Amino acid sequence: MIKTKAYAAQSSTSELAPFELDRRSPGAEDVQIEILYCGVCHSDLHTARGEWHNTLYPSVPGHEIVGRVVAVGDKVRNFKAGDLAGVGCMVDSCGRCYSCHAGEEQYCETGFTGTYNGPVFGGENTYGGYSQNIVVKESFALHIKHTEKDLASVAPLLCAGITTYSPLRHWGAGPGQTVGIVGLGGLGHMGVKIAHAMGAQVVLFTTSSSKVEDGKRLGADEVCISTNPEQMAAYANQLDFILNTVAASHNLDAYLQLLKRDGTMTLVGAPAEPHPSPNVFNLIFKRRQIAGSLIGGIRETQDMLDFCAKHDIVSDIEMIPMDYINIAYERMLKSDVKYRFVIDMASLK
Ligand code: NAP
Ligand code: ZN
């Protein structure tokens, strides 16, 4: 066992605080990674606070993990000590169902095992990246090809990057398509960068007028203030695809009306409270669709990391020490982060 310092929430109402856990010693197919940086996803907050009513406590969040391999098992072929490596939202899946065979482990029929909070259909708890190290099967570790100086800014790609890349690829974002990104937070700012790099015309929809200039700097061709009805009306029937990253319940009709015939709005935001039901006529009259998407498979996560390295894409981050996490959560709720907090794990002494 490897004694590991971490930060955990002990209940839905307690703040995160120091915690010690045991990691398994690496088995034949495992890599042991010293965690250098971990991004702070809104899902960490939803989980720590029990907002999805499925949290196993103590809860050690963190699924945007980057670090250095310090030990590998006998059968590990693709990593060696000293390599940079990443771990995203999953650490295991059944490996036998049609989704696993297709490389879509996130849709595993028996449920993947989350990097934190254990198997999605129940089982032993797992502890995430707000900790000094992690031991993971080689097949769930990712290679990082960015330069080492960018490492902290690469961490958010492991969730925010893949969660936006996967649906943008699946629904064919590219030249000739007009793509809307809703919400400029951790996911949204990666969505803007990636959709732009894929060659789409990108329209950012934000509730924050203070983010207009940033939106353009990050790669949006146009920015629409979504609380302004006149600005919204100008986009009616204009968009091929919308990626909605909003972390709170909101009116979906306002965005459905912006889709062209056969357009799709894909929801990746997972709010604690349901959205009000959309008006079915907004779907029927233009054969529009609402869809959802969950992170991405391991192979696609590697594709995304390689795509981002090639296009020089990283996250815009604010680095924080571990003991700032409770303040960081409060600021995230106020959309007061540009655009992802990343924990410097050297601060966890
Ligand atoms: P985040 O950094 O907090 O960003 C969310 C953004 O949504 C905010 O920056 C804000 O953007 C907008 N927003 C917040 N409250 C709003 C409201 N009441 N009305 C309209 N817009 C609002 O969160 P994140 O880390 O990007 O995560 C976003 C959501 O995706 C969370 O629910 C998270 O759990 C979920 N998630 C899902 C997956 C998946 O696989 N599907 C993976 C990771 C995360 P503006 O200021 O620009 O309006
Ligand atoms: Zn996440």
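By class, the residues lining the largest cavity comprise 7 nonpolar, 3 polar and no charged residues. Here Ala, Val, Leu, Ile, Met, Phe, Trp, Tyr, Cys and Pro count as nonpolar, Asp, Glu, Lys and Arg as charged, and the others, Gly among them, as polar.

A word on conventions. The model is predicted: local features need pLDDT of at least 70, side-chain atom pairs count only at pLDDT 80 or more, and totals for chains, interfaces and linings use all residues. Residues are numbered from 1 along each chain as its sequence is written, chains are lettered from A and ligands numbered from 1 in the order in which they are written, and side-chain values use heavy atoms, with hydrogens and water left out.

To return to the cavity: a search of the whole structure gives 1 cavity of 30 Å³ or more. On a 1 Å grid over the protein atoms alone, a cavity is a set of points where a 1.4 Å probe fits but cannot get out, whereas a pocket is an open set with protein on both sides within 12 Å along at least five of seven lines; lining residues have an atom within 4 Å of a point. Grid points are joined across faces, edges and corners, and a volume is the space filled by probe spheres set on the points. The largest cavity holds about 70 Å³, and its lining includes Gly88, Met90, Leu158 and Thr301.

The second largest pocket has a volume of about 420 Å³. Of its 18 lining residues, Arg23, Arg24, Asn125, Thr126 and Val135 are the closest to the centre. Strand 8 (133–137) supplies the largest share of that lining, 4 residues; strands (E, at least two residues) and helices (H or I, at least four) are DSSP runs, numbered from the N terminus. By class, this pocket's lining divides into 8 nonpolar, 4 polar and 6 charged residues.

Cysteine 41 and cysteine 159 are both buried, that is, under 20% relative accessible area, with exposed meaning over 50% and partly exposed in between (1.4 Å probe, protein chains only).

I turn to the rings. The structure holds 7 aromatic pairs: rings of Phe, Tyr and Trp (its six-membered ring) pair if their centres lie within 6.5 Å, and planes under 30 degrees apart count as stacked, over 60 as edge-to-face and the rest as tilted. Phenylalanine 205 and tyrosine 235 are edge-to-face, 5.6 Å centre to centre with 80° between the planes. Phenylalanine 205 is buried at 1% relative accessibility. With tyrosine 255, phenylalanine 205 has a centre distance of 6.0 Å and planes at 80°, so this pair too is edge-to-face.

Finally, strand pairing, which requires at least two DSSP bridges between two strands. Strand 13 and strand 14 (residues 259–267) run parallel, joined by 5 bridges; leucine 239 has leucine 259 as its bridge partner. Strand 14 also pairs in the parallel sense with strand 15 (residues 289–292), over 4 bridges.
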